[in-house]
Amino acid sequence: MKHPATRNTIYAEEARVLEQHARPAAQFVMKFHAPQVAAHAQPGNFIHLQCDPGILMRRPMSIMRAERNSNSIEILYKVHGEGTRLLAQRKPGDIVPLLGPIGVPFKLAGYRKFPLLIGGGVGIPPMVFLAEHIHKSSPGIRPFAILGSEIPFPFQSRPSQIMLKDLPGDVIATMPLLDDWGIPCRLTSLQGYPGCYSGYVTDLARAWLDNRDYVSPDDVQAVIHDVMRHRVLLSYEAEADGVTVDQLIDRLLDRVPVP
Ligand SMILES: Cc1cc2nc3c(=O)[nH]c(=O)nc-3n(C[C@H](O)[C@H](O)[C@H](O)COP(=O)(O)OP(=O)(O)OC[C@H]3O[C@@H](n4cnc5c(N)ncnc54)[C@H](O)[C@@H]3O)c2cc1C
């Protein structure tokens, strides 16, 4: 029986695997035939999929692309534990039960003229979906995407064909898919990948928002609390002493000399 509060917006599908492509560092791009999810997905949505018949608990994955013409959706995932390890073994033709689309999508109208799309690691797929949506629905809007990764990017980067004057001249690496859509994009990493900005996505974003073509130590300091806060685990002793993560980051800032 249908619950009166049911909105009927989430579909259960027996999705058929169409493609499974291995990318560097145990990352995979997977394409499914999933007509209902493809028809209703919006940027920001995710699916809950059953990685393997032996694992009942579904895993959430962001939708990276949804094509209504081909009734297909794409995800990009990194092998993390048992579920994603088994998911990586699924082959074209296999059936993967999934639920979707789930979640509140991004605001998809009334864009500012120059929206800034920022995503790192598994935060990249929703930005690709949003970039494609803007590209197809809003020709007057000119987004700029900054994507970061500390493992090799899940695509072959290349020098961008789109010049941007307010960025360091050596930061030229881009995601080809976005470049081909005419959307400027730049990549960031601390791993020294060619053409990438050496720092966090937020450092480059701040410099760009300030219309500067260089990144200063102030930029790093301005975002360091937001970037680091959820990555630091305090020891029991520190917690017992009432030390907060922000205080710890302040101490680090005091100790590390500005280059
Ligand atoms: C909204 C959302 C979107 C995401 N999008 C992406 C994406 O686009 N790409 C991507 O790579 N990752 C994404 N992730 C992360 C992804 O969901 C996890 O990496 C994935 O669930 C890992 O599954 P695993 O089985 O490989 O790892 P595991 O660590 O084995 O399991 C994942 C979680 O399930 C728990 N678990 C496992 N088995 C059981 C059990 N029997 N009972 C209870 N709990 C159990 C684990 O404790 C763990 O918390 C997203 C996560 C969220 C919340």
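This is a predicted model: local features need pLDDT of at least 70, side-chain atom pairs count only at pLDDT 80 or more; totals for chains, interfaces and linings use all residues.

Biologist: Where does Asp 166 lie?

Modeller: Asp 166 lies in the loop between β10 (158-159) and β11 (173-174). Its C-alpha is 6.1 Å from that of Trp 208, although the two are 42 residues apart in sequence.

Biologist: And Arg 158, what is its place?

Modeller: Arg 158 is in strand β10. Arg 158 counts as partly exposed because it has 13 C-beta neighbours inside 10 Å.

Biologist: Which residues is Arg 158 in contact with, leaving aside its neighbours within four places in sequence?

Modeller: Thr 174 and Pro 176. Leu 108 is another matter: 50 residues along the chain from Arg 158, with 29 Å between the two C-alpha atoms.

Biologist: Change of topic. Which residues touch the most other members of the largest nonpolar core?

Modeller: Ile 63, Ile 73, Met 127, Ala 131, Ala 145, Leu 147 and Leu 204, out of 53 residues in that core. Helix α3 (residues 124-137) gives the largest share, seven residues. Domain 1 (11-102) and domain 2 (116-214) each supply at least three residues to this core.

Biologist: What is Ala 145 in contact with, sequence neighbours within four places aside?

Modeller: Its contacts are Leu 117, Met 127, Ala 131, Leu 178, Ile 183 and Cys 185.

Biologist: Back to α3. Is the helix mostly covered or mostly open?

Modeller: Mostly covered, with ten of its 14 residues buried. The buried ones are Ile 124, Pro 125, Pro 126, Met 127, Val 128, Phe 129, Leu 130, Ala 131, His 133 and Ile 134.

Biologist: What do those buried residues of α3 pack against?

Modeller: They pack against the strands β4, β5 (65-67), β6, β8 (116-120) and β9 (144-148), and against helix α4 (176-180).

Biologist: How far does α3 reach from its first C-alpha to its last?

Modeller: It reaches 20 Å, close to the 20 Å expected for its 14 residues at 1.5 Å a residue.

Biologist: Now the ligand. How many residues surround it, and which are the closest?

Modeller: There are 17 residues around the ligand, and the closest are Ser 62, Tyr 77, Gly 81, Gly 83 and Thr 84. The elements that each give two or more residues to this shell are β4 (59-62), β6 (72-78) and α2 (82-87).

Biologist: How do the shell residues divide into nonpolar, polar and charged?

Modeller: Nine are nonpolar, five polar and three charged.

Biologist: Last topic, backbone geometry. Is the peptide bond from Gly 100 to Pro 101 cis or trans?

Modeller: That bond is cis, and its omega is near -10 degrees. Pro 101 is in strand β7 (residues 95-102).

Biologist: What about phi of Ala 25?

Modeller: Phi of Ala 25 is positive, about 55 degrees, although the residue is not a glycine. Ala 26 also has a positive phi, near 55 degrees.

Biologist: Where is Ala 25?

Modeller: Ala 25 is in the loop between β1 (11-23) and β2 (27-33), and Ala 26 lies in the loop between β1 and β2 too.

Biologist: Why does Ala 26 count as partly exposed?

Modeller: Because Ala 26 has 15 C-beta neighbours inside 10 Å. Ala 25 has 13 such neighbours and so counts as partly exposed as well.

Definitions and conventions:
Residues are numbered from 1 along each chain as its sequence is written. A nonpolar core is a set of buried Ala, Val, Leu, Ile, Met, Phe, Trp, Tyr and Cys residues joined through C-beta atoms within 7 Å. A residue is buried if 20 or more other C-beta atoms lie within 10 Å of its own, exposed if 12 or fewer, and partly exposed in between; C-beta atoms are placed from the backbone. Helices (H or I, at least four residues) and strands (E, at least two) are DSSP runs, numbered from the N terminus. Domain bounds come from an automatic or database domain assignment. Two residues are in contact if their C-beta atoms, placed from the backbone, lie within 7 Å. A residue is near a molecule or strand if its C-beta atom, placed from the backbone, lies within 6 Å of it. Ala, Val, Leu, Ile, Met, Phe, Trp, Tyr, Cys and Pro count as nonpolar, Asp, Glu, Lys and Arg as charged, and the others, Gly among them, as polar. The expected span of a helix is 1.5 Å times one less than its number of residues.
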